Amino acid sequence: MTVSEKDNVGIAPLKNGPCDVVLIAGFLGAGKTTLLRHILQWPGDLSKTAVLVNEFGRVGIDAELLQGFQTPVVELTNGCICCTLQGDLLKAVNEILDGFHPTRLLIEATGVADPYDLLSFLAHSKLEGRLSIPMVLTVLDADFWEGREYFGPLFYNQIKAADLLLFNKVDLLPEDQVPKCLEDIREINAACSIIPTHYCQVDPAVLWTPGIEHQPEPGFHLPHFHEHGSADEMGYVAFAFEETLPFDTNCFHRFIEELPLKLYRVKGYVLLDDKRFFLNHVGGKTEWRELEQGGPTRLAFVGWKVAEGEVVEQLKSCLISSG
């Protein structure tokens, strides 16, 4: 085994021909970006791997979190690549293939994307011969499983489309509940491989399994997302808040604690008094990480039928005046 071969243990060798595609799906906050960070930190030669990230809001946070690695990251924001950004997606994929010549392409879809629509689009005649049949990897938040009936057909399509499903945050469930959850998932998609994970830690070899063909049986899945309209038409809302003034810490914490559940996600950077934090709030649970470097507040919000103006006014009321 040569040195370069040894470095690539666990990752399939690079090859000529169509670029291998892994489509990463999953509802808001499931752990898709965490998975990508793990992938980009794996040892071995990832110089021929590229990443395309789609965020529903106009402020991109995920691409910023994926900087600092040898792998190029391209971002599409302010829409869903299965609905309003299809022309941009086609252009971005072609630019990645022509500019970086990758042999592997990881596409992280927004949490409100239907993978069936993306699979149809990636079979576009203008991409014929340039991409392999995509492998669909769905990240499923175990902590959301009990409330799954509130998320609609889109949530189930993400499960049904999966070739590989990571049942993530499994540590948040009582151990005796896990087998029943896995049985329920298997009833929705009997063909996929299911791996319970903590922080999306998974062997890289499972991502590059050749020969997977994605051919769901007719009538097997629920109606597609587009039969219900686009993300905007369904009531999904995305907006951003950017500010250089700091928030009062107590006021901002109350703001987060009192957020309605229909405001699914708040993610980004927040300046509290004289300290800056990375904030990830999803499904009523909040993660904080204090940062060494200062900077402004840059927050991205995603919700369902949320009044943006009311949320922004609440945020402004917590700002510390410069005067």
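In which strand is N168 found? N168 is found in strand β6, residues 164–168.

Two notes on conventions. This is a predicted model, in which local features need pLDDT of at least 70 and side-chain atom pairs count only at pLDDT 80 or more, while totals for chains, interfaces and linings use all residues. Residues are numbered from 1 along each chain as its sequence is written, and side-chain values use heavy atoms, with hydrogens and water left out.

Back to N168. Its relative accessibility is 2%, so N168 counts as buried. The cut-offs are under 20% relative accessible area for buried, over 50% for exposed, and partly exposed in between, with a 1.4 Å probe and protein chains only. Contact means heavy atoms within 4.5 Å.

A polar atom of the N168 side chain lies 3.3 Å from the backbone nitrogen of Y199. Y199 is in the loop between β7 (193–196) and β8 (236–243). Because its relative accessibility is 47%, Y199 counts as partly exposed. Phi of Y199 is near 55 degrees, a positive value in a residue other than glycine. H101 also has a positive phi, near 50 degrees, and H101 lies in the loop between α4 (86–100) and β4 (104–108). For context, most residues other than glycine have a negative phi.

Next, the helices. Which residues of helix α7 are buried? In α7, residues 178–188, they are V178, C181, D184, I185 and I188. Seen down the axis, they fall within an arc of 120 degrees, so they line one face of α7. The arc is that of the directions from the helix axis to the C-beta atoms. The spacing has a simple background: an α-helix has 3.6 residues a turn, so residues three or four places apart point the same way. What do the buried residues of α7 pack against? They pack against β5, α6, β6 and β7, and β6 is the strand that holds N168.

Helix α2, residues 32–41, can be read in the same manner. Its residues K32, T33, L35, L36, I39 and L40 are buried. They cover an arc of only 155 degrees around the axis, which puts them on the same side of α2.

Now the aromatics. How many aromatic pairs does the structure hold? There are nine. Rings of Phe, Tyr and Trp (its six-membered ring) pair if their centres lie within 6.5 Å; planes under 30 degrees apart count as stacked, over 60 as edge-to-face and the rest as tilted. F27 and F155 form an edge-to-face pair, 6.0 Å centre to centre with 80 degrees between the planes. This pair links distant parts of the chain, 128 residues apart: F27 is in the loop between β1 (20–25) and α2, and F155 is in helix α6, residues 152–160. Both F27 and F155 are buried.

Another pair is F277 with W288. Their ring centres are 5.9 Å apart and their planes are at 85 degrees, so this pair is edge-to-face. F277 sits in strand β10 (residues 275–282) and W288 in strand β11 (residues 285–290). F277 is buried, at a relative accessible area of 15%, whereas W288 is partly exposed, at 30%. F277 and W288 belong to one aromatic cluster with F241, F247, F252 and F255.

One more ring: the charged end of R148 sits over the ring of W145, 4.1 Å from its centre. The criterion is NZ of Lys or CZ of Arg within 6 Å of the ring centre and within 35 degrees of the ring normal.

Finally, the totals. The protein chain has nine helices and 12 strands. Of its 323 residues, 53% count as buried. Among contacts with a separation of 6 or more, 75% come from residues 24 or more positions apart.

Technical notes
Helix = DSSP H or I, 4+ residues; strand = E, 2+ residues; numbered from the N terminus. Polar contact = N/O pair within 3.5 Å; in protein donor to acceptor, adjacent residues only side chain to side chain.
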